[in-house]
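We will take the stops one at a time.

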Amino acid sequence: MPKAYVYTRHGGPETEAFADLDRPVPGPGELLIAVRAAGVNPVDWKLRGGFRRPGEGDARFPVVLGSEAAGVVEETGAGVTGFAAGDEVFGNTPTGAFAEYALLTASMTAHKPAALSFTDAATLPVAAATAYDGVRQLDLPEGATLLVTGAGGGVGVAALQIARAWGLRVVGVAGEAKKDLVESLGAVHVPSGPGLADRVRAVAPEGVDGVYDLVGGEVLAEAADLLADRTRLITAGAPPETVGALGGARVVRARTAAVLDEVAELVVAGELDPHVSRTFPLDEADEALRAVEGGHALGKIVIEVAI
């Protein structure tokens, strides 16, 4: 039976286990893929801990971990057009990705360009697409200055590059261990920690025109004080009520295949490097998740599934 990495109840790492599960059957609007790679994201361990996305019902255990995958189409569900068995694709999964087989939502799945590896493709549906949606939502004019907090993680790394590709000046807030990475992406690095606003003003005395927050908490509040126009404040790191009280908004996710096509084209064009810092085989999915849950991963972590 196909192997998968699951959690059996809400809680910490002690709830995780490998399991042999029946091969999924695609329903209407779904694709079954043989997984070649799956991206690892903070939302994965947050869902294990009990977080639910808006509109989601209660979890039905065991739950396969993972939210994004790349692989080869095995079957298509009713009503699916534009995909056929053998197609190489990547996209969002509603039922988990750390497995030999996964279901993708066809409307949130794109064809993988031949020049794009499965490993890089598996990083795009969550982190890169979130980055793309946020930078587009801010709609800053060319030459404007964007501040990105949490700039050394998967979304932050993509946001820095997408903003630069669209002609923005970028200031990235991250720990000292991620300074070289942030600067290698063409951003001005500002160390994280108390006193953030003063350090940003020192490197951007003319001010910042937009803030893309990926941290929340005190970092979000301090970054908000740097803006004259709070409508240019967005976050993927704080709940709607928190950022709303500051005059900003949550990132609005498009969740479409068109966005996946756009970010894939940026990778192929050399304007976006997903910065996969480490890969793990499926047998080490637990270690891959620990690397992200620890909060110190540079760029993206990916699980690769052997053929």
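Here is a short tour of some rings, a helix face and one arginine.

This is a predicted model, where local features need pLDDT of at least 70, side-chain atom pairs count only at pLDDT 80 or more, and totals for chains, interfaces and linings use all residues. Residues are numbered from 1 along each chain as its sequence is written, and side-chain values use heavy atoms, leaving out hydrogens and water.

**Stop 1: a pair of rings.** Select Y5 and F18. Their ring centres are 4.5 Å apart and their planes lie at 50°, so this pair is tilted (rings of Phe, Tyr and Trp, the last by its six-membered ring, pair if their centres lie within 6.5 Å; planes under 30 degrees apart are stacked, over 60 edge-to-face, the rest tilted). Y5 is in strand 1 and F18 in strand 2, so the pair ties together parts 13 residues apart in sequence (helices, H or I, of at least four residues and strands, E, of at least two are DSSP runs, numbered from the N terminus).

**Stop 2: another pair.** Now pick Y132 and W166. Their centres are 5.2 Å apart with planes at 75°, so they are edge-to-face. Y132 is buried at 7% relative accessible area, while W166 is partly exposed at 34% (buried is under 20%, exposed over 50%, partly exposed in between, with a 1.4 Å probe and protein chains only).

**Stop 3: R136.** Select R136 in helix 3. Not counting residues up to four places away in sequence, R136 touches W166, A254 and V259 (contact means heavy atoms within 4.5 Å).

**Stop 4: helix 7.** Finally, highlight L220, A223 and A224, the buried residues of helix 7.
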